[in-house]
Amino acid sequence: MNNQMLKIAIILGSTRPGRNGEAVGKWIHEVAKRRNDIDFELVDVKDFNLPLLDEPIPPSMGQYSKEHTKAWSEKIDSFDAYVFVTPEYNHGIPGALKNAIDFLYKEWNNKVAGFVSYGSAGGVRAVEQLRLVMAELKVATVRAQVSLSLFADFENFSNFKPAPFQEKSANNMLDEVAVWSGALKILRTDNRQNPQYNTARMR
Ligand SMILES: Cc1cc2nc3c(=O)[nH]c(=O)nc-3n(C[C@H](O)[C@H](O)[C@H](O)COP(=O)(O)O)c2cc1C
């Protein structure tokens, strides 16, 4: 097994000006950084300035033509797992996050995801939707998740003040992501030559 430290991206999926997501992303990054077993990086979808998907060839073929796609691909490929920070927009995830996910394919495969969501009902409906998207990308999603309420974890729906128990909830989620990340790293390292591992589904 590769003894390199696991690398996990905290992906900030909301992009609008004045977003609550920034405070939530920074908070989960701070909680995560208290662990010394894993290298965590905050990855802000906004920084990649992705247009609406503009690659002519389906991402599952991995033939990217645009510089923004190549930069996003290189970043996402470099991680063993992802923690998605997502609000709930109309009972789903933000279009910007879905678009960013759709840009790539193999970079996500055989990896792990955990979720931190927020909204009036904790953003749980957005996460349920995101779990289905992850399944299609061959991402294993952990059970534990962090659900932040706009009523209980924010003042005036905008000043982020997470309830004390949320840190424990975050660590439970991170524990599950960490354990599965190690397991799937072995799968990726040991099975690269296995034809079934590399099967690219034709659309
Ligand atoms: C377009 C839009 C749709 C929303 N729909 C929902 C919703 O369906 N359920 C919910 O709980 N909150 C909903 N909200 C409230 C958001 O969860 C809340 O504003 C949150 O702070 C948005 O994340 P952001 O500040 O990082 O953009 C919606 C907000 C926006 C902007």
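Biologist: Leaving aside its neighbours within four places in sequence, which residues is leucine 184 in contact with?

Modeller: Contact means that heavy atoms lie within 4.5 Å, and once the neighbours within four places in sequence are set aside, leucine 184 is in contact with Asn110, Lys111, Val112 and Ala140. Before we go on, please keep in mind that this is a predicted model, in which local features need pLDDT of at least 70 and side-chain atom pairs count only at pLDDT 80 or more, while totals for chains, interfaces and linings use all residues. Residues are numbered from 1 along each chain as its sequence is written, and side-chain values use heavy atoms, with hydrogens and water left out.

Biologist: Where is leucine 184 found, and how many Å apart in space are leucine 184 and threonine 15?

Modeller: Helices (H or I, at least four residues) and strands (E, at least two) are DSSP runs numbered from the N terminus, and leucine 184 belongs to helix 5. From leucine 184 to threonine 15 the separation is 169 residues in sequence and 30 Å in space, taken from C-alpha to C-alpha.

Biologist: How should I read a salt bridge, and how many salt bridges does the structure hold?

Modeller: A salt bridge is a side-chain nitrogen of Lys or Arg within 4 Å of a carboxyl oxygen of Asp or Glu, and the structure holds 15 of them. One of these joins the side chains of lysine 33 and glutamate 30, at 3.3 Å from N to O, and these two residues lie three residues apart in helix 1 (residues 21-33), which is about one turn of the helix. Another joins lysine 98 and aspartate 102, at 3.0 Å from N to O; they are four residues apart in helix 3 (residues 95-102), again about one turn. There is also a network of salt bridges that links Arg19, Glu22, Lys26 and Asp44.

Biologist: Which parts does the salt bridge of aspartate 80 and arginine 188 tie together?

Modeller: The side chains of aspartate 80 and arginine 188 meet at 2.6 Å, N to O. Because aspartate 80 sits in the loop between helix 2 (67-77) and strand 3 (81-87) while arginine 188 sits in helix 5 (residues 165-190), this pair ties together parts that are 108 residues apart in sequence.

Biologist: Is aspartate 80 buried or exposed?

Modeller: Buried means under 20% relative accessible area, exposed means over 50%, and partly exposed is in between (1.4 Å probe, protein chains only). Aspartate 80 is therefore buried, since its relative accessibility is 7%, and arginine 188, at 6%, is buried as well. In the lysine 33 pair, by contrast, lysine 33 is partly exposed at 44%, and glutamate 30 is partly exposed at 41%.

Biologist: Which residues in helix 3 are buried, and what covers them?

Modeller: Leu97, Asn99, Ala100 and Ile101 are buried in helix 3, and their cover includes strand 1 (6-12), helix 2, strand 3 and helix 4 (124-136).

Biologist: Which residues come nearest to the ligand?

Modeller: A residue is near a molecule or strand if one of its heavy atoms lies within 4 Å of it; the ligand has 16 residues around it, and Arg16, Asn20, Tyr89, Tyr118 and Ser120 come nearest.

Biologist: What lies 2.6 Å from an oxygen atom of the ligand?

Modeller: The general idea here is the polar contact, a pair of N or O atoms within 3.5 Å; within protein, one must be able to donate a hydrogen and the other to accept it, and residues adjacent in sequence count only if both atoms are side-chain atoms. In this structure, a polar side-chain atom of serine 120 lies 2.6 Å from an oxygen atom of the ligand. A polar backbone atom of histidine 91 is 2.9 Å from a ligand oxygen, and a backbone N or O atom of glycine 21 is also 2.9 Å from a ligand oxygen.

Biologist: Where is serine 149 found, and which residues is serine 149 in contact with, leaving aside neighbours within four places in sequence?

Modeller: Serine 149 is found in strand 6 (residues 146-149) and, at a relative accessible area of 17%, is buried. With those neighbours left aside, the contacts of serine 149 are Gly119, Ser120, Gly122 and Phe154, and a polar atom of its side chain lies 3.0 Å from the backbone nitrogen of phenylalanine 151.
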